[in-house]
Amino acid sequence: MAKDVIIALDFPDRTTTLKFLDQFQEEKPYVKIGMELYYAEGPQMVREIKARGHKIFLDLKLHDIPNTVSGAVRSIRGLGVDMMNLHAGGGIAMMKAAADALKDTDGVPPQLIAVTILTSLNQEALENEVWVNRKVEDAVLHYAGNAKVAGLDGVVCSPLEAGKVHERLGCDFLTVTPGVRFASNDTGDQQRVTTPKKANELGSDYIVVGRPITKAEDAVMAYRRCMNEFLNI
Ligand code: C5P
């Protein structure tokens with residue numbers, strides 16, 4: 001299975017985003033467009049980055065009743081993104097509605113993955129704030145199982161959970177993992193973190209890396225370091 005590093009374009013607007021992408025002359029990184037940029041610039045931003053030749057993970061984390069999510073997926077599917085996601089916490093019917101809505105995509109449908117437990121949540125927050133009285137790892141595996149039942153392609157989870165997800169749900173079930181830091185970085189608001197090298201060893205298929213690349217003094221070098229460590233080259 002193809003492994004890759006996905007850069008999280010957590011920027012406020014088009015100008016900042018394109019300035020960042022212009023630094024990459026030799027490579028076309030796989031990028032993630034999340035809520036911050038999408039809500040500021042809309043679908044045109046997705047089309048523009050796609051036209052520049054990047055693969056795109058549209059990270060809007062859909063979570064609503066099945067009918068509404070189905071409609072959202074129908075709106076998104078014409079954009080030609082390569083990956084998109086929703087919250088597994090919306091339940092199996094919601095995830096199935098999304099998967100069904102992708103069946104009528106012209107061309108190759110995007111990979112549809114589910115967010116399990118946000119990597120910013122630790123055990124204490126899961127129990128005392130979200131009121132899920134389970135171990136983080138068990139909750140992740142349960143949500144991942146639901147996503148598979150609903151016909152999704154994989155999950156977003158911590159690299160620390162990738163091995164268990166593959167063990168239980170198969171090697172073809174994708175693990176897309178944020179919460180990646182170079183050994184020397186601050187963790188920021190991420191609680192369950194690991195290095196690109198370790199994420200590879202733990203079985204992540206894709207790592208999503210934001211600040212360690214976007215806030216680096218030399219973003220291209222940071223991206224290359226990430227690719228080298230993750231792909232073991
Ligand atoms: O800057 P950093 O590397 O922490 O960015 C991680 C990216 O992955 C952010 O865009 C964040 O929204 C996203 N993400 C996450 N945890 C999830 C799902 C997505 O951190 N469970």
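1. K197 and E201 form a salt bridge in which the closest N and O atoms are 3.1 Å apart; a salt bridge here is a side-chain nitrogen of Lys or Arg within 4 Å of a carboxyl oxygen of Asp or Glu. Both residues belong to helix α9 (residues 196-202) and are 4 residues apart, about one turn of the helix. Helices (H or I, at least four residues) and strands (E, at least two) are DSSP runs, numbered from the N terminus. K197 is partly exposed, at a relative accessible area of 45%, whereas E201 is exposed, at 52%. The classes are buried under 20% relative accessible area, exposed over 50%, and partly exposed in between (1.4 Å probe, protein chains only).

2. On provenance, this is a predicted model, in which local features need pLDDT of at least 70 and side-chain atom pairs count only at pLDDT 80 or more, while totals for chains, interfaces and linings use all residues. Residues are numbered from 1 along each chain as its sequence is written, and side-chain values use heavy atoms, with hydrogens and water left out.

3. In total, the structure holds 11 salt bridges. One of them pairs R14 with E48, with 2.8 Å between the closest N and O atoms. This pair links distant parts of the chain, since R14 lies in helix α1 (residues 14-22) and E48 in helix α3 (residues 43-51), 34 residues apart. Both partners are partly exposed: R14 has a relative accessible area of 37%, and E48 has 22% relative accessibility.

4. A further salt bridge joins the side chains of R224 and E27 at 3.0 Å, N to O. R224 lies in helix α11 (residues 219-231) and E27 in the loop between α1 and β2 (30-34), so the pair ties together parts that are 197 residues apart in sequence. R224 is partly exposed, at 29% relative accessible area, but E27 counts as buried at 19% relative accessibility. Together with E26, these two residues are linked in a network of salt bridges.

5. Helix α3 has M45, V46 and I49 as its buried residues. Seen down the axis of α3, these fall within an arc of 100°, so they line one face of the helix; the arc is that of the directions from the helix axis to the C-beta atoms. The buried residues of α3 pack against α1, β2, α2 (35-41) and β3 (56-62), a contact being heavy atoms within 4.5 Å. After α3 comes G53, whose phi is positive, near 100°.

6. The protein chain contains 11 helices and 8 strands. The 8 strands close into a barrel with parallel pairing, in the order β1-β2-β3-β4-β5-β6-β7-β8. From one strand to the next, the twist averages 25°; axes are lines fitted to C-alpha atoms, for helices over the stretch in contact, and angles run from 0 to 180 degrees between N-to-C directions. Strands β7 (residues 174-177) and β8 (residues 206-209) run parallel and are joined by 2 bridges, strands being paired if DSSP finds at least two bridges between them. V176 stands opposite Y206 in β8.

7. As to overall dimensions, the protein chain has a radius of gyration of 17 Å, which agrees with the value near 17 Å for a compact globule with 233 residues. The radius is taken over C-alpha atoms, and the globule rule is 2.2 Å times the number of residues to the power 0.38. Buried residues make up 51% of the 233 residues.
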